[in-house]
Structure formats: structure tokens, C-alpha cells
Amino acid sequence: MVKEAKVSEEMKKLLYTTILNCKTVEDLEDLFDDLCTFKEVEQMAQRIESARMLADGKTYAEIIEKTEISSATLSRVSRCVQRGSGGYLKFLPKN
């Protein structure tokens, strides 16, 4: 049996505080280069772009074509944009 990793609230707060300590995009790039694999950053970028495109009224087909995100992940992003905590729409840069 595989033992699940325990991530405490304190550990999550440390993560969020560390991210908040970044002052520039370059700071964030350095942190994410150390913190995440290339694939993890790529997947987060796909999700953010997909959320932006959904907010702009783009279709699933347009989003999948541009971002190459899976339809399952796009569906999850869509649910979060529509009924989530509001994080995507609150923090996406305004055009």
C-alpha cells in the first residue's frame, strides 16, 4: 500500500507566502523553474490561457486548437471559471 503524502495547511501557507514574496515576473520565473517541472509549468500556463479564452467567449474547439489542452482538463477549468472560487477571473490580467 502506498502511503499518501500529507500536506498540512501550514505547508500550503508557506507555498503561498513564498509566491507572494516574488516582486517581478523574473522572480516568479526563477521560483517556478526551481519549484516545478517544465511540464507542470506548461500545464498551468494552458489552464490560465484556457480560462482567459473561456472568459472571452471562445469555444472549446478554439481553445483546444490553440492550447492543446485535454478536453477533460478544459472541462475542469470551465467548471472552475463558472462555479469555482473566482480565482481565475479575479486574477487574470485585464485587457
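Q: Which residues does Ala-51 touch, not counting residues up to four places away in sequence?

A: Contact means heavy atoms within 4.5 Å. Ala-51 touches Val-77, Val-81, Tyr-88 and Leu-92. A word on the source: this is a predicted model, where local features need pLDDT of at least 70, side-chain atom pairs count only at pLDDT 80 or more, and totals for chains, interfaces and linings use all residues. Residues are numbered from 1 along each chain as its sequence is written, and side-chain values use heavy atoms, leaving out hydrogens and water.

Q: Which residues form the largest nonpolar core?

A: In soluble globular proteins, nonpolar side chains tend to be buried together. A nonpolar core is a set of buried Ala, Val, Leu, Ile, Met, Phe, Trp, Tyr and Cys residues joined through side-chain atoms within 4.5 Å, and buried means under 20% relative accessible area (1.4 Å probe, protein chains only). Here the largest one has ten residues: Ala-51, Met-53, Leu-54, Ile-63, Ile-69, Leu-74, Val-77, Val-81, Tyr-88 and Leu-92. The elements giving two or more residues to this core are α3 and α5.

Q: Which residues are buried in α3?

A: Helices are DSSP runs (H or I, at least four residues), numbered from the N terminus. In α3, the buried residues are Gln-46, Glu-49, Ser-50, Ala-51, Met-53 and Leu-54. Their cover includes α4 (60-67), α5 (71-83) and α6 (87-91). Just after α3, Gly-57 has a positive phi of about 85°.

Q: Which residues of α1 meet α2?

A: Leu-15, Thr-18 and Ile-19 in α1 meet Leu-28, Leu-31, Phe-32 and Leu-35 in α2.

Technical notes. Buried < 20%, exposed > 50% of the residue type's maximum accessible area, 1.4 Å probe, protein only.
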